[in-house]
Amino acid sequence: MFFEPITAAPADPILGLGEAFKAETRPEKVNLGIGIYKNAQGETPIPQAVKTAESRLLTEEKTKNYLTIDGVAAYNHATQILLFGENHEIITSHRAKTAQSLGGTGALRIAAEFIKRQTQAQTVWISSPTWPNHDAIFQAAGIQIRHYRYYDAASHGLDWTGLTEDLSQAKQGDVVLLHGCCHNPTGIDPTPEQWDALAQMSAQVGWLPLFDFAYQGFARGLEEDAYGLRSFAKLNRELLLASSYSKNFGMYNERVGAFTLVADNEEVANRAFSQVKSIIRTLYSNPASHGGSTIALILQDADLKAQWIAELDEMRERIHAMRQKFVATLKACGAKQDFDFIIQQNGMFSFSGLTAEQVDRLRDEFAIYAVRSGRINVAGITDDNIQYLCESIVKVL
Ligand code: PLP
C-alpha cells in the first residue's frame with residue numbers, strides 16, 4: 001500500500017478554529033478567530049459596488065475563453081495604481097509587471113518560487129510573530145527562513161530596537177518580508193519615520209524587499225496605507241509585492257490577488273517577468289476571470305470606485321469604533337489592566353495580550369473563539385456580543 005504510511009497533517013491553526021466554531025452548539029458563541037470582516041449584524045456582506053459590477057459583468061461578458069497567464073490586464077494596471085499612485089514613475093516607465101494571482105496566498109507562492117528559482121537569495125527574513133502561513137509558504141519553496149523581532153509584549157508596541165538589531169544581520173540579496181500595513185497578527189505598524197529608516201537600511205545593504213499587502217485601506221485609507229511601500233519605492237529599484245483583495249473588496253472566495261515585480265528598467269522587468277509567467281504556467285496555467293474582471297470594472301469606473309472606497313471607509317471606521325467601545329466596556333466590566341493600546345492598533349487584528357490558557361478558558365467556558373497567540377479579530381465584535389465578551393474576558397484575566 002502506497003498511502004498506508006502517510007501520517008495526518010496538523011490542522012491549520014486558524015482555519016481549524018473556523019471549523020471548531022462551526023461545530024460549536026452553544027448559542028452565545030462568538031468568533032474572534034479567522035480574519036474576515038463582519039458588519040454590525042455580524043455578517044460578512046458583499047459590497048454593493050461588487051454586486052453592481054458583477055451584474056454588469058454578467059450581461060456584458062461575451063466569452064469564457066482562457067485569460068492570458070498573467071490574467072486581466074486592466075486589473076493588473078489598476079493594481080499598480082493602488083500600490084504606487086496614479087502616474088507614478090514606476091508605472092509610466094513600465095518597470096513594474098503584475099500578474100493576477102489566486103489571492104494574496106497565491107501571489108506569495110509565486111514570489112517564493114521566483115525567489116528560489118531566479119535569484120541568488122538564500123534567506124527570507126520574516127517578522128516574529130507573523131501570519132502563520134508565511135513560514136509555511138517559504139518552507140514549501142525550500143527557502144531558508146530567519147525571523148526578526150517585531151512585538152514588544154511589555155509595551156504592546158513595536159520592538160523597534162529588536163527589529164533593527166535583527167535586520168542589521170540581513171545581507172545583500174536577502175529577502176525581507178514586510179507587512180504593507182495592519183500587521184497580522186499584532187495590528188502594529190511602523191511609523192512613517194520608521195518606514196523611512198527601514199527603506200534606507202534596505203537600499204544601503206541591498207535587501208530585496210517583499211511587501212505583503214493584504215489590508216490596504218484598513219488602517220487609515222488607501223493612499224495613507226501605502227506610505228511604507230512608497231517610501232521603499234523611492235530608494236529601492238527592485239521590489240516584489242503580493243496584493244490581496246480578499247478583505248478590502250470582501251471577495252474572499254473569489255481568490256483575488258496580484259503578484260507585482262518592480263525592476264530597474266523595462267527591459268529587465270520583461271525578462272524577469274517572462275520567468276514569472278513560466279512559473280505560473282506550471283502551477284495553475286492561468287487565473288480565473290470572475291474576480292479580477294469584477295475588480296477591474298470597479299476600479300475603471302469613477303462612480304463604482306467612489307462607492308467601493310466609501311464602503312471600505314465604512315468597514316475601517318466600524319472596526320475603529322469597536323476598538324474604542326471594546327476598551328471602554330472592558331474598563332466598565334472591571335478590567336484592572338490598561339487596554340488602551342488596542343485603540344492604537346491598525347486593521348482587523350489585535351494582539352490582546354490574552355495568554356493561550358486564557359484563550360482556552362474563553363473557548364471552553366464561554367464559547368468564545370480566538371487564536372491561541374491572543375490574536376483577536378476586532379471585526380468579530382458587535383453591539384450584540386460586546387457585553388458578554390467583555391464580562392467573559394474579565395472573568396479569565
Ligand atoms: N497575507 C496576510 C498577512 C494575510 O493576513 C492574509 C489572509 O489572511 C493573506 C496574506 C492571504 O490572503 P488571501 O486570502 O487573499 O490569500
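Before the helix pairs, a word on axes: they are lines fitted to C-alpha atoms, for helices over the stretch in contact, and angles run from 0 to 180 degrees between N-to-C directions. Helices (H or I, at least four residues) and strands (E, at least two) are DSSP runs, numbered from the N terminus. This is a predicted model, where local features need pLDDT of at least 70, side-chain atom pairs count only at pLDDT 80 or more, and totals for chains, interfaces and linings use all residues. Residues are numbered from 1 along each chain as its sequence is written.

Take helix α12, residues 302-332, and helix α15, residues 386-396. Their axes cross at roughly 50 degrees and come within 9 Å. The two are therefore oblique to each other; under 35 degrees counts as roughly parallel, over 145 as roughly antiparallel, 65 to 115 as roughly perpendicular, and the rest as oblique. On the α12 side the contact uses K325, F326, T329 and L330, and on the α15 side I386, Q387, C390, I393 and V394. Contact here has a cut-off: C-beta atoms, placed from the backbone, lie within 7 Å.

The second pair is helix α5, residues 103-118, with helix α6, residues 133-140. They pack at about 40 degrees, axes 9 Å apart, and are therefore oblique as well. T105, L108, R109 and A112 of α5 meet N133, I137 and F138 of α6.

Now the ligand. Which helix gives the most to the shell around the ligand? That is α5, with 3 residues. The residues surrounding the ligand are G35, G103, G104, T105, W131, H179, N184, D212, A214, S244, S246 and G257. A residue is counted as near if its C-beta atom, placed from the backbone, lies within 6 Å.

Most residues other than glycine have a negative phi, and most peptide bonds are trans. The bond from N184 to P185 is cis, with omega near 20 degrees, and P185 sits in the loop between β7 (175-179) and α8 (192-205). Another cis bond joins S128 and P129, with omega about 5 degrees. P129 lies in the loop between β3 (123-128) and α6.

Where is S285 found? In the loop between α10 (266-283) and α11 (290-300). S285 is not a glycine, yet has a positive phi of about 75 degrees.

Definitions and conventions:
Two residues are in contact if their C-beta atoms, placed from the backbone, lie within 7 Å.
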